[in-house]
Amino acid sequence: MKRRAMITALLAIITTPACAAKLSGPPRIVDGNTIEIEQTKIRLSGIEAPETDQICLDAHGQKWACGIAARDELIRHSNGRTWDCHTTGVDKYGRSLGSCFIAGEDVNAWMISSGWALSSDPHTYIIYEVVASNAYAGLWSGAFIAPWDWRRRNKGTIVVGASSIPIDTQELLLGSALLSDPPSPECLIKGTLGRGGERIYHMPGQLGYGQIDMTKKLGDRWFCSEAEAEANGWRKAAR
């Protein structure tokens, strides 16, 4: 009996997801797919929201800061309410991976069905993406680059979105001038790639901040807060 009990207990440990936990509380929303509850950073699993420095085109072909809009829409939807999050495992930046709910509503699914994120899980959330695209909701109202492509965009990057987009859409979304200025006056932190791909962010007022040219290296990006930079695996410059 004792042996059987030990085996059962061992199997329970093996089959229990690593770092599984339940967290509840009003979150601090870092970006469109990252929140923080009780000092635990949670990456909403199965979804990809646009980066806060990401630019999209609206229904009229005009550029807009869609990454910031996605974050702000999540803040508005949350409206200070309590979230219940179930986390399982961590990502490469140490964030807990989780599914979150507000009064029983699946927040991950809401972000996709409202058009503010894409599905990175074809089995769980893809139907919500179809609903959003058919309704031209959120990002789907115009043209945009998938967040995973935005991070390593080049002249061959595919643009998706509304059925009718301006002929110069790719040029507008991939132009080098795009990175020269922050997407919003609130997003002034400069993230630059160092030797070996080291990710370093620079705050306004730090030595050499003004000399950093954000159009020089693919992969450099703007951040709106230190919490966002650190949640994405960047560290602060020493000076």
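Good morning. I begin with cysteine 56 and cysteine 66, which are joined by a disulfide with an S to S distance of 2.0 Å. Please note that the model before you is a predicted one. The link of cysteine 56 and cysteine 66 is right-handed, with 65 degrees about the S-S bond. Cysteine 56 belongs to strand E6 (residues 56-57) and cysteine 66 to helix H2 (residues 66-78), so this pair ties together parts that lie 10 residues apart in sequence. Both cysteine 56 and cysteine 66 are buried.

How many disulfides does the structure hold? There are three. With bonded cysteines counted along the chain, they follow the pattern 1-2, 3-4, 5-6.

I turn to cysteine 85 and cysteine 100, whose disulfide has an S to S distance of 2.1 Å. This link is right-handed, at 115 degrees about the S-S bond. The pair connects distant parts of the chain, 15 residues apart: cysteine 85 sits in strand E8 (residues 83-90) and cysteine 100 in strand E9 (residues 96-102). Cysteine 85 counts as buried because its relative accessibility is 1%, and cysteine 100 is buried with a relative accessible area of 0%.

Another disulfide joins cysteine 187 to cysteine 224, S to S 2.0 Å. It is right-handed, with 75 degrees about the S-S bond. Cysteine 187 and cysteine 224 are both buried.

Finally, the surface. Ile126, Ile127, Tyr128, Val130 and Val131 form a nonpolar patch there, with about 400 Å² of accessible area together. Valine 131 is placed in helix H4 (residues 126-134). Because its relative accessibility is 46%, valine 131 counts as partly exposed. Thank you.

Technical notes
Residues are numbered from 1 along each chain as its sequence is written. This is a predicted model: local features need pLDDT of at least 70, side-chain atom pairs count only at pLDDT 80 or more; totals for chains, interfaces and linings use all residues. Side-chain values use heavy atoms; hydrogens and water are left out. Patches are made of residues with over 30% relative accessible area and no salt bridge: like charges are joined within 9 Å, nonpolar side chains (Val, Leu, Ile, Met, Phe, Trp, Tyr) within 5 Å. Accessible areas come from the Shrake-Rupley method with a 1.4 Å probe; for residues, only the protein chains shown count as cover. A salt bridge is a side-chain nitrogen of Lys or Arg within 4 Å of a carboxyl oxygen of Asp or Glu. Helices (H or I, at least four residues) and strands (E, at least two) are DSSP runs, numbered from the N terminus. Buried means under 20% relative accessible area, exposed over 50%, partly exposed in between (1.4 Å probe, protein chains only). A disulfide is a pair of cysteine sulfur atoms within 2.5 Å.
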